[in-house]
Amino acid sequence: MYLVYLGESGNTGNSINDPNQPHHVHVGLLVHEGQSTSMSGEFNALCRRHFGSPPGEPGTPSALRPADVYQGRGPFAGWPPSRRHELIQDCLAIMIRRETPLIAAYVDKSHFARARSGGGIAPTFWQTPSELVISRFLFALNMFMDELNMSRLNQEQVMQASWPVNDFALMVAANRKSVKPRFMTDFLRSEQGSDSSAVLENLCYVGREQSVGTQLANICAYFARRWLQSPSASHPYFEALRDGKVIQVIYPVQL
């Protein structure tokens with residue numbers, strides 16, 4: 001089974017008119033259950049190396065917020081850029097060494113706002129950008145899992161009318177974020193989700209502080225959003241994730 005740790009960036013709450021965060025991004029980091037323990041161990045070792053103690057202990061942030069690390073805010077206000085750069089690189093290396101696949105979906109919030117005001121979206125259907133992006137993300141995840149399961153079939157199994165599902169995906173979302181249980185229910189009832197067989201229908205919610213995968217997914221979402229905002233500029237962290245075979249697909253929501 002794969003644990004799909006959800007991360008997001010660009011969530012500005014009720015306001016969808018923010019020129020500093022024009023995109024709302026959701027990502028899913030697919031960590032095989034056999035890799036989750038070693039990944040957590042590497043992250044704890046990383047924290048000891050950079051902070052002198054494991055996460056949550058005095059002197060160590062309870063969770064890494066990517067904007068704070070990148071911009072030198074909060075607990076990283078006194079860190080020089082080189083030290084913050086090393087911390088980010090070490091976080092990315094955990095995923096790059098494993099080639100941990102990541103799926104991303106996003107929407108331009110200005111397009112979302114125009115579609116709602118112009119009647120392109122039924123006002124009572126998509127209430128928030130997150131609701132719309134998660135629907136697209138689940139569609140992409142469903143296709144990814146289908147391809148993954150098919151790649152592991154032998155010729156005889158491929159010729160059968162029904163294919164066995166060898167790997168399932170369980171979505172893990174952070175508490176107090178914008179992913180709601182009804183998003184999954186709505187997707188499974190939709191035409192796109194009606195044939196979903198490998199994506200489990202239940203969402204698992206965890207505290208960001210207790211989930212290494214969620215913190216790493218949030219880092220990926222943050223740098224994906226920065227790249228979307230200015231794709232022609234240099235984005236070494238996003239490029240490292242892409243070239244390291246972590247970022248596999250990025251799906252836009254078309255309105």
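Colleague: Which residues does His24 touch, not counting residues up to four places away in sequence?

Modeller: Contact means heavy atoms within 4.5 Å. With that exclusion, His24 touches Glu8, Ser9, Gly10, Asn11, Ala105, Tyr106, Val107, Lys109, Pro129, Ser130, Val133 and Ser178. This is a predicted model, in which local features need pLDDT of at least 70 and side-chain atom pairs count only at pLDDT 80 or more, whereas totals for chains, interfaces and linings use all residues. Residues are numbered from 1 along each chain as its sequence is written, and side-chain values use heavy atoms, with hydrogens and water left out.

Colleague: With which side chain does the side chain of His24 make a polar contact?

Modeller: A polar contact is a pair of N or O atoms within 3.5 Å; within protein, one must be able to donate a hydrogen and the other to accept it, and residues adjacent in sequence count only if both atoms are side-chain atoms. Here the partner of His24 is the side chain of Glu8, at 3.3 Å.

Colleague: Is His24 buried or exposed?

Modeller: Buried means under 20% relative accessible area, exposed over 50%, and partly exposed in between (1.4 Å probe, protein chains only). His24 has 2% relative accessibility and therefore counts as buried. Of the 255 residues in the protein chain, 48% are buried.

Colleague: What share of the contacts in the protein chain with a separation of 6 or more comes from residues 24 or more positions apart?

Modeller: Such residues account for 73% of those contacts.
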